[in-house]
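Visitor: Could you show me how to read the pockets in a model like this one?
Guide: Gladly; let us look at it together.
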Amino acid sequence: MTGMGKKVDRRVLRSKEALKQALLRLMEQKDFDAISITEIVEKANYNRGTFYTHYENKEALLGDIMEDLIQDLMQSFRAPYEHQDIFRIDELTANSVQIFEHIYANAAVYAILLKSKVILSLKERMFQAIKQITMEELVYENTDNNINPELSAVYAIHALLGLIFHWIEGGFKYPPSYMQEQLILMINWRPREARTNHKRK
């Protein structure tokens with residue numbers, strides 16, 4: 001019985017993965033709204049019955065693709081501190097930052113979603129996921145600086161995601177290792193002044 005159960009599980013995983021890949025290939029050619037379930041199952045070499053066994057509609061299939069990304073994203077975000085009781089940000093090393101490795105490993109998927117209308121939904125899901133674990137898992141000591149923790153988290157997350165999507169939109173101009181190094185430099189950079197460069201009349 002156990003062996004049969006494992007075989008069924010593998011079969012389910014295989015068919016779901018085929019449907020995901022089929023949808024992504026179609027999204028390279030046309031917008032998500034223009035894709036039909038018939039096109040998805042034909043591309044995946046399955047039938048509509050198989051599709052509806054796993055998903056209620058194509059939105060649920062897309063949601064499953066995004067959820068895979070989000071779960072892996074969260075794991076990569078946690079990587080620098082998941083085995084530490086005290087996370088010392090000033091001792092953070094570039095090698096411990098894994099989020100750019102995650103993005104690069106899934107570069108093709110992110111690039112496809114970036115070109116579609118669904119990118120706004122993905123960005124919001126990424127933001128909410130990182131915000132949730134930031135607020136729940138990272139507790140900062142009170143430094144009496146009156147900074148609102150939630151606003152501080154929102155500021156930092158938007159900066160991080162802005163950097164990530166600039167990298168994606170630029171066609172991954174730099175390797176993940178370079179992006180990791182730059183992020184560490186930015187985190188530790190504390191400029192107190194800047195020379196103005198405006199033209200005086």
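Guide: On a 1 Å grid over the protein atoms alone, a pocket is an open set of points where a 1.4 Å probe fits, with protein on both sides within 12 Å along at least five of seven lines; lining residues have an atom within 4 Å of a point. The model is predicted, and totals for linings use all residues. Residues are numbered from 1 along each chain as its sequence is written.

Visitor: Which residues line the second largest pocket?
Guide: Its lining consists of Leu163, His166, Trp167, Gly170, Lys173, Tyr174, Tyr178, Met179, Gln182 and Met186. The volume, the space filled by probe spheres set on grid points joined across faces, edges and corners, is about 160 Å³ for the second largest pocket.

Visitor: What is the volume of the largest pocket?
Guide: About 1,900 Å³. Of its 42 lining residues, Ile89, Leu138, Tyr140, Ser152 and Ala156 are the closest to the centre. Helix 4 (58-78), helix 7 (119-137), helix 8 (149-169) and helix 9 (176-188) are the elements that each give two or more residues to this lining, and helix 8 has the largest share, nine residues.

Visitor: How do the residues of the largest pocket's lining divide by class?
Guide: Ala, Val, Leu, Ile, Met, Phe, Trp, Tyr, Cys and Pro count as nonpolar, Asp, Glu, Lys and Arg as charged, and the others, Gly among them, as polar. The lining of the largest pocket has 26 nonpolar, eleven polar and five charged residues. For the second largest pocket, the lining has six nonpolar, three polar and one charged.

Key:
This is a predicted model: local features need pLDDT of at least 70, side-chain atom pairs count only at pLDDT 80 or more; totals for chains, interfaces and linings use all residues. Side-chain values use heavy atoms; hydrogens and water are left out. Helices (H or I, at least four residues) and strands (E, at least two) are DSSP runs, numbered from the N terminus.
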